[in-house]
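Here is a short report on the fold of one chain and its contact with a partner. Please view the model alongside the text.

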Amino acid sequence: MKKMIALLSILAMLLTVLSVPAMADEEPIRIGTIYAMSGGKAAIGENILRGIDFAVKEINEKGGVNGRMLEVVRGDHAGDPAQGKSEAERLITQEHVDVMMGCHMSTVTEIVAQVCTQYGVPMITAISTLDRLSDPDHEAMDYFFRLCPLNSVYVKDMLEYLKDSAEQTGEEVKTIAIFTDRAAIGQELIRCVELYKDEYGFDLVATVDYTSDATDLSAQVLALKQANPDAILCDSYIGDATLFVQTLKAQNYTPKMIVAKANGFTDPAFIGNLANVANGVASVVEFNPDLINGQEINEEFKAEYGVNMNGHSAESYTVVWIFKTAIEAAGTTDGAAVRDAIAALDIQGEFPGGRKIVLPYDRIKFEDYDLAGEPHYRDNIYSSVAIAQVQDGEWKTVWPFDFTDTKILYPAPLQ
Amino acid sequence: MDIFLQACVNGLLMGGFYSLMGMGQNVIFGVMKIVNFCHGEMLMVGMYLTYVLSTTFGLDPYLCVPFVAVLMFMLGAVIQHTLITPSLGTKSFTNLLFLTVGLGLLLSNGALVIFGSEYRTIPTAYSQTYISLGPVNVALPRLISFCVLVVISVVLFAFLKYTTTGKQIRAVSQNPVGAEVVGINARRIYILTYGIGTALAGVAGALLTGFYTIFPTAGASFGFRALIVVVVGGLGSIPGAFFAGIFLGLLETMVALFISPSYSDLIVFITFIVILVVRQMIIIRRK
């Protein structure tokens, strides 16, 4: 009996050894992801990972990449850059991931991108918008690419929308005002508006700020009312965003256009709290279920997860497809070759063997370019955001005009 | 001119809340000579209580006010009896400071665990109703809240001035030893005053829910303003706190109107410091 067991175990060992070369062809391509899966930002991580899983499933069902399946290896940065760094090292040295995606917070992305560059692992961020990630200080981070628009592009698109809106509203926007938090998000908005307002010929008539979680915003609203701009640009957290719109009503002031830089205004609680009073408020969105290119995928996504696809899931979904296309073009998973393939990629309209780009733009190409006089490296220069407006208590895409049939509600009714 | 009138009304309506918070703080300070650092969090608890009452039983937020007042009174009484009274014996200010600050942290983090970090509101049929009084516009919930809190202030004042219990409270605040000598149970008065103080904060929270969002740290900015009100209005003085609250509300909106909204907090705090310094100088000169 003992002999039998010994014999069997030797046989088993032999089989394992022998089967390794046979499995090598089938070995999956490993995508490392580093997002917050615990801590206060976990909900955001969940949406991102859904987008990734959805793309991986879709690609694997169609036969994978170069005959190999995709596999996702998840890392958790819990919102902490130091943990992001150690997770990146773990995924690269122990899990041997071929490519990397991340992160939600730009500060974590920065450090993970440095680790990836050091080990020669190509990385694409789907959602880190901080301008500085691609500035001259980060020129040497040459394994790192960015799909999403930069913060300043968000603001540029808000101004672009104001300019284009005249086509539908019949009234040209000449004066603008900023209403925002005194914290970093607000300073960023003010900086970007200052950067582009002259290019669009807008006159900034008022900059009104407040401290987060304000007890009262009536003074701020009165200041805006006095300045009476054609449009108000804002960035606020959810509590202040809600109070702002309520105070507009209370002070009997209905600005013709309100355009927000997402954040609190696109929080699900915003429409929930305000109901009809939110009608007419517009905001930047990276994706909206009614986008012409996004309707189909949203239906399938919703059937799978029971929720609408959001900007984060749509952008992460797209990054997986970029990796697929680049690895196929490179014909290998070698880091340098894949990096060169990503750099050379030019996707127009749709992915080979896949869908149309589901985001509000129709081309993806990573390039070095100048943005407001400063060189930037390896960003998707065609990326843009969409503008959605609350109409009948729902977010409806209104811009870019080519991506929607819905017209702008003007002036904003706020009721 | 219209804008000026509007700003006055806005300041008045907001000031009412600062008054209510300041009076609650002052009742407690007057009697026990302790600063209640979790006063803002008590307002937050009042908000969530209103939220729970109105979502579970479908009560109108304003109908919740009496229930919130009673429940908050009980909460305050329990805290006083089990935590604060024993600490009073140590005569250590730091002890009570840490106790109330810690209690505040416990409450706001407790709310975070129970309710999450979402910003909630209690929508009512009239929450988006606005009334025009000549050139001035007022949100109906703000107006109702203001009326309710004026009534509460008057009742509180009358209670302290004319009832036996009110007189006992004032006696303890003026001279605790003397009060005990004439047979007043100081411990009972402590429980009563801390209960009243918390109930006032809770009621302020309940009244806010008509037009303000509910979140775990909602009390912080109100709690801080309550401290300013107490200092400006005079420690322990109920009418002082009432007028100081209104003054603070008006100051905020006036600075925002005539200087800039960006400076309103800054100037409020500078005024606060100036008043503190001037008062100190007057006290020194008197001596």
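From the N terminus on, chain B runs α-α-α-α-β-β-α-α-α-α-α-α-α. That gives eleven helices and two strands. Helices (H or I, at least four residues) and strands (E, at least two) are DSSP runs, numbered from the N terminus.

This is a predicted model: local features need pLDDT of at least 70, side-chain atom pairs count only at pLDDT 80 or more, and totals for chains, interfaces and linings use all residues. Residues are numbered from 1 along each chain as its sequence is written, with chains lettered from A and ligands numbered from 1 in the order in which they are written.

The overall figures for chain B follow.

| Property of chain B | Value |
|---|---|
| Radius of gyration | 19 Å |
| Span of the C-alpha trace along its principal axes | about 55 × 50 × 35 Å |

The radius of gyration is taken over C-alpha atoms, and the globule rule is 2.2 Å times the number of residues to the power 0.38. For 287 residues a compact globule would come out near 19 Å, so the value for chain B agrees.

Buried residues (20 or more other C-beta atoms within 10 Å of their own, C-beta atoms placed from the backbone) make up 48% of chain B. Contacts (C-beta atoms, placed from the backbone, within 7 Å) can also be sorted by sequence separation. Among those in chain B between residues at least 6 apart, 77% join residues at least 24 apart.

Now the interface. Here 26 residues of chain A are in contact with 28 residues of chain B. On the chain A side, β7 (203-210), α7 (218-227), α8 (238-250) and α9 (268-274) each give two or more residues. α8(A) gives the most, with seven residues.

Notes:
A residue is buried if 20 or more other C-beta atoms lie within 10 Å of its own, exposed if 12 or fewer, and partly exposed in between; C-beta atoms are placed from the backbone. Two residues are in contact if their C-beta atoms, placed from the backbone, lie within 7 Å.
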